[in-house]
Amino acid sequence: MSVLADTWILGIESSCDETAVALLRNGTEVVCSLVASQAAVHRRFGGVVPEVASRQHIESIHPLIAQALVAGGIQPRELGAIAATYAPGLVGALLVGLVSAKAAAWALDLPFIGVHHLAAHIWANVMANPALTCPFLCLLVSGGHTALVRVKGPLDYDLLGETLDDAAGEAYDKVARLLGLPYPGGPEIDRLAVLGNPKAFKFPRAMRYDGSLDFSFSGLKTAVRLMVEKHQQAHMPVPVADIAASFQAAVVDVLVAKSIQAAEQTGITHLTIAGGVAANSALRSQMAAACNERHLALTIPPLSLCGDNAAMIAGLGHAMWRQGVRSPLSLGARSRLALPSLASGDTDKR
Ligand code: KG4
Ligand code: ZN
């Protein structure tokens with residue numbers, strides 16, 4: 001009788017200000033997902049300082065890898081592959097996880113798999129809902145990206161629309177700063193919005209009715225700034241909770257409307273959400289209500305798979321490993337890189 005051995009994938013993520021390491025068993029079981037957030041270090045600068053982020057990653061990465069292996073109760077040689085984010089992100093930060101993964105894979109003679117960070121965010125939905133089949137739609141909302149994507153496979157994505165200026169998460173962070181809230185601003189505004197009136201101010205919903213699947217959030221940010229200045233010039237207290245609630249209402253309104261429009265235009269009936277802003281409570285509940293009304297299926301990852309984490313890197317790494325993908329050790333870090341697409345041959349950009 002033969003007993004099938006477990007397949008272990010080690011995932012490594014260091015694209016921005018979270019050092020993360022995860023251990024995945026047989027593609028679905030997240031045995032360990034460690035995230036060392038640097039938010040407290042960057043907070044005093046009001047945003048991520050790239051050089052500081054790289055140094056923090058260097059300090060955290062090896063203890064996290066050791067801790068993950070101990071948590072899984074396995075020896076390094078028992079791993080099936082090592083997957084690490086190689087793009088997009090801060091190059092200095094990416095390099096720390098990427099070089100660690102490549103060095104370990106070389107020393108242990110294991111396959112190395114370079115993973116696209118945004119594709120991994122999207123693939124978190126497949127991890128959350130293994131019954132999810134391609135093609136499905138994804139609203140990708142992170143700190144640096146906002147897009148609507150048709151997902152055709154682990155390495156095959158069609159960009160249907162994207163932001164022309166600020167990303168949704170970026171707008172949250174900038175508005176939080178205007179309101180005097182600490183970095184990262186998304187969770188702060190989410191918490192505060194519950195205490196405010198979302199109808200107190202009618203902020204612009206740019207491109208809401210233009211028929212495209214693109215977004216624009218920079219005008220909304222400016223509208224918030226003008227409202228804050230108006231109160232300050234009149235020596236009135238800034239109604240922080242009402243502004244937070246009204247700002248969030250405008251962002252979520254557009255994100256939900258465009259996602260529904262994408263479903264109508266493509267005829268795809270399963271929607272998903274990915275990225276840090278997928279943790280937003282209003283977005284989660286309003287998207288659920290809109291999908292329910294139109295009999296569309298919706299998958300949203302648990303909070304642990306929304307913000308930056310390495311379980312999603314291991315998850316997409318496993319799907320790629322099963323397809324026979326092996327990356328060369330010459331693979332470099334890239335600050336910008338489109339989602340892979342079979343049609344345009346983008347998968348071979350690596
Ligand atoms: O995906 P992510 O962790 O990192 C990137 O790949 O960019 O996204 C981080 C972004 C930040 O802008 C943060 O403020 C935002 O996600 N975010 C939120 C919430 N939690 C995190 N935005 C709105 N509501 C939240 N609850
Ligand atoms: Zn991310």
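Q: Is histidine 117 buried or exposed in this predicted model?
A: The model is predicted, and histidine 117 has a relative accessible area of 6%. A residue counts as buried under 20% and as exposed over 50%. Histidine 117 is therefore buried.

Q: Is histidine 121 buried or exposed?
A: The relative accessible area of histidine 121 is 1%. The cut-off for a buried residue is under 20%, so histidine 121 is classed as buried.

Q: In which helix do histidine 117 and histidine 121 both lie?
A: The two histidines are 4 residues apart, about one turn of the helix. The helix that holds both spans residues 117-128 and is H4.

Q: What is the volume of the second largest pocket?
A: The value computed for the second largest pocket is about 430 Å³. Of the 21 residues that line this pocket, the closest to its centre are Arg205, Ala249, Val252, Asp253 and Gln286. The volume asked for is about 430 Å³.

Q: Which element gives the largest share of the lining of the second largest pocket?
A: The elements that give two or more residues to this lining are helix H8 (240-266) and helix H9 (281-293). The lining divides into 12 nonpolar, 3 polar and 6 charged residues. The largest share, 8 residues, comes from H8.

Notes. Residues numbered from 1 in each chain as written. Chains lettered and ligands numbered in written order. Predicted model: local features only at pLDDT ≥ 70, side-chain atom pairs only at ≥ 80, totals over all residues. Heavy atoms only, no water. Buried < 20%, exposed > 50% of the residue type's maximum accessible area, 1.4 Å probe, protein only. 1 Å grid on protein atoms, 1.4 Å probe; cavity = no way out; pocket = protein on both sides within 12 Å on 5 of 7 lines; lining within 4 Å. Points joined across faces, edges and corners; volume = space filled by probe spheres on them. Nonpolar A, V, L, I, M, F, W, Y, C, P; charged D, E, K, R; others polar.
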